[in-house]
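Colleague: I would like to learn how to read a model like this one. Can we go through it feature by feature?

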Amino acid sequence: MSVIYVLLSISIIVALFFFVAFIVSVRSGQYDDSYTPSVRMLFEDELVTESSKTQESKKIEQTKMN
Amino acid sequence: MNKEKCFHCGDDCDIVPIVFKDKHFCCNGCKTVFEIFESNDLSYYYDLQSAAGATPNEVEGKYNFLDTPEILDKLIEFNEKKHQIVNLYIPHIHCSSCIWVLENLNKLQKAVSSSQVDFPKKMVRIAYNPEKLTLKQLVVLLAKIGYEPYISLDDYDKGKKSVDRGLIYKLGVAGFAFGNVMFLSFPEYFEVQEFWLDQYKNIFRWLMFAFSLPVVFYSAQDYLISAYKSIASKILNIDVPIALGVLVLFVRSTLEIVFDWGTGFFDSLTGLIFFLLLGKFFQQKTYSFLSFERDYKSYFPIAVTRIIAGGKEETVQVYDIKQGDRLLIRNEELIPVDGIVLKGKARIDYSFVTGESEAVEKVSGDKILAGGKQLQGAIEMEALKSVSQSYLTQLWGNSVFSIDKTSKFQTITDKISQRFTIAVLTIAFVSTFIWMFVDSSKAMNVFTAVLIIACPCAIALAAPFTLGNMLRIFGRKKFYLKNTQTIEQLAQLTTAIFDKTGTLTTAQKSTATYEGLTLNKEEESLLKNTLRASNHPLSRTLYSLLAEQDILTLDEYEEHLGKGIVGVLDHNNIKVGSASFVGNASIINQENTAVYVSSNDTYKGRFVFSNEYREGVSKLFSEMQTTMDLGILSGDNEGEKERLEALLPKNTPLYFNQKPEDKLGFIQSLQHQGKKVLMVGDGLNDAGALAQSDVGIAISENVNVFSPACDGILDASKFKQLHQYIKASKSAMKIIKLSFGFSLLYNLVGLYFATTGQLMPVIAAILMPLSSISIVLFTTIATNLVGKKLV
């Protein structure tokens, strides 16, 4: 068996892997709305700081209670 | 004067703004929303975008129908004991703050497990626990924070809809195969007699064959099916030469590799389909937040309150309303059926129906029509007809609404493809015939080569890319079209018919002229101050039109519902209201709305209200008159006739007192004379005419609010640009014709190779993408140049 068969099958497997990933992503609805995620992405940072703040404050409250 | 903007919604605050935590609010509603957000750690809402909110409306009792299980069942997408998912349409969604706050609903209400916004569609998908929170409570909560969902009869009928992702899959498959085939066919382009290549070429070829199978039989199936249908109905559309090219490419390539004649054209085949689908994808761009298919169902509520024996109230689905039912219509609710007022004072806004924004007063015993909105307090009415038989809804029984307009129209591409297909087939047969005598072994080769190279990829791409891009440019200029075909039809129009109320006139602003004895200073001041206290829309309008006066406190103020108002100061009194109220017996010309004024019980004069025409109406008409026939179709009386005649070019035909069916019939009769008719309207009463016309355009003050079924929605602020848009559509058609010229040139070059029997796969593989890409570039640049000229 020549090495070219190995290479070809690897390249096709890699290609197929991405193809399946594409199908899965369409199926899950990722292509239905291409705008909102771009905005949502920008919130994430703010959300984390805010929730961590509230978590911190909760911790502080807890320590106070202790 | 204090011009403070509301911190929540950005409206101008009243003279005395409500101040809370150093922030100004225009009303208590806005303040309440701010408090809710503030106390739930959601004030980041205001950091994202300032003044993003909306003033919440009164919702008391409005959503009682959401307690009815059958209705709930139709609205909820996923229903389990502890888990429900609902999709709600929220018209107010307009900025990133909206997305943020709606996706953080669980901070406000713990029973909400997740919520996701689809911004382009203005939809929010909410999952919640129904044991802790009913849909009604959820909707009320949303309404309370200014995000009131819009639930209409349409949602009830539609049921659960599925998303069509077919084109994306097909495009994905074609792109995937195209890339791989390109990569596999590359070695054989240049190294023909190479040792290693000869060893392995079969595996390469069969792999390409395998990759092309899903492309031909899945990705290209729409073209094959459409071509089959078109031949069956004896019309040659553009899909016929495409399908022919695809099939010939596939069969010849397969034969080539089976009999080891060559590598085949799998690269061109997959590339062709990939580019074609790309064009289709580009053309498919639609405005998902707009709907062009609306009928009365989008306006009507799902259920109303019925009063049964013993004065009990129950929720009834509107389709179940029977003649003789007693219905309770609350403030801001829509009247679902024709009926008679039994109790209460009705003030009905028919703007959905006629575009006329001024409310009509009705008392007990008067007949009211379906489609009106009750504006003040609750009324009881008796139904005279069922929903489908009401005056307005009957219109939808007309066959116009069931005909698909797109199927009637032959596009420019279809027209040219007819001649093109015949020409290609002739060339193919003639050259094959000639080759039979020259070298018969090559004859079949030449025949297939002609069909392959003539496959009209570039022609098929010219229209989608030009029109698709034009559609996007129009969209940026607030002119939203239903599909690309509408642009082609815009370019062919010969006649334009306009509705008057709400289309040529603005919905809100009115002008008033004073007729009668001149009012002195004191009277003027008293009038203004009396009007200040009244909430009646006419008083508000008149108040804003009158000159500024000092604010005085009246000694006495009385409001007589449905009649008028009285103000007293320093023993002077002023009466404002209807003619009979102020004591003027002689009523002249009742066709226009007027407010009568008397001072100290002597009649002074009246303010006659007239609609204000949109800016640029006169100019637009004189511009359009040079290329088109114009006309006005109005549902109103002739009260405005003189003003219209002064405003519009001479000899513009004006038709008044037109019923919805009359408008439809009028358009039809014009079409029978062979005219291509543009109808510009706004209300549901124009719906028939909009559907019947070749291009129906709805004018909308706010594109997010509802407009009837049409081919295009034009933002009211761009009304004066209408002619520019029509001209731009004509330019777009010129661009398409030029691109046809270009692609024919490419075809001639290709045909030279094909008919002389020297078509190599590499030539096809270069020519096809080259022609397609250059066409795409040309159309994109040209349409953008046209778009730049638009204001």
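**Reading the model, step by step**

Modeller: Start with a loop: Lys122(B) sits between β5 (112-118) and β6 (123-128) of chain B. Helices (H or I, at least four residues) and strands (E, at least two) are DSSP runs, numbered from the N terminus. This is a predicted model, where local features need pLDDT of at least 70, side-chain atom pairs count only at pLDDT 80 or more, and totals for chains, interfaces and linings use all residues. Residues are numbered from 1 along each chain as its sequence is written, while chains are lettered from A and ligands numbered from 1 in the order in which they are written.

Colleague: What is the phi of Lys122(B)?

Modeller: First the general idea. Most residues other than glycine have a negative phi. Lys122(B) has a positive phi, near 55°. Asp260(B) also has a positive phi near 55°. Asp260(B) lies in the loop between α11 (239-258) and α12 (266-283) of chain B.

Colleague: Is Asp260(B) buried or exposed?

Modeller: Count C-beta atoms, placed from the backbone. A residue is buried if 20 or more others lie within 10 Å of its own, exposed if 12 or fewer, and partly exposed in between. Asp260(B) has 10 such neighbours inside 10 Å, so Asp260(B) counts as exposed. Lys122(B) is buried, because 20 other C-beta atoms lie within 10 Å.

Colleague: How many residues of strand β22 of chain B are buried?

Modeller: Strand β22 (residues 594-599) of chain B has 6 of its 6 residues buried. Look at the two faces. Ala594(B), Tyr596(B) and Ser598(B) point one way, and Val595(B), Val597(B) and Ser599(B) point the other way.

Colleague: Which strands pair with β22(B)?

Modeller: Two strands pair if DSSP finds at least two bridges between them. Strand β21 (residues 572-577) of chain B pairs with β22(B) in the antiparallel sense over 4 bridges. There, Lys575(B) has Ser598(B) as its bridge partner. Strand β23 (residues 602-613) of chain B is joined to β22(B) by 6 bridges, again antiparallel. Ser599(B) stands opposite Thr602(B). The hairpin of β22(B) and β23(B) has 2 residues between the strands, and Asn600(B) takes a positive phi near 45° there.

Colleague: What is the strand order in the open sheet of 6 strands?

Modeller: Read across the sheet: β8-β7-β9-β15-β10-β13 (chain B), with antiparallel pairing. The edge strands, β8 (312-317) and β13 (367-368) of chain B, each pair on one side only. Inside the sheet, β10 (residues 339-343) and β15 (residues 379-383) of chain B share 4 bridges. Lys343(B) has Glu380(B) as its bridge partner in β15(B).

Colleague: How many residues does each chain give to the contact between chain A and chain B?

Modeller: Two residues are in contact if their C-beta atoms, placed from the backbone, lie within 7 Å. Chain A gives 17 residues and chain B gives 18. On the chain A side, α1 (3-27) and α2 (36-65) each give two or more residues. The largest share, 7 residues, comes from α2(A).

Colleague: Where does UniProt place the "transmembrane region"?

Modeller: UniProt positions are given in the numbering used here, feature names are shortened, and annotations may be inferred rather than shown by experiment. The unreviewed UniProt entry places this feature at residues 6-26 of chain A. In the model, that span is 100% helix and 0% strand, with its end C-alpha atoms 30 Å apart.
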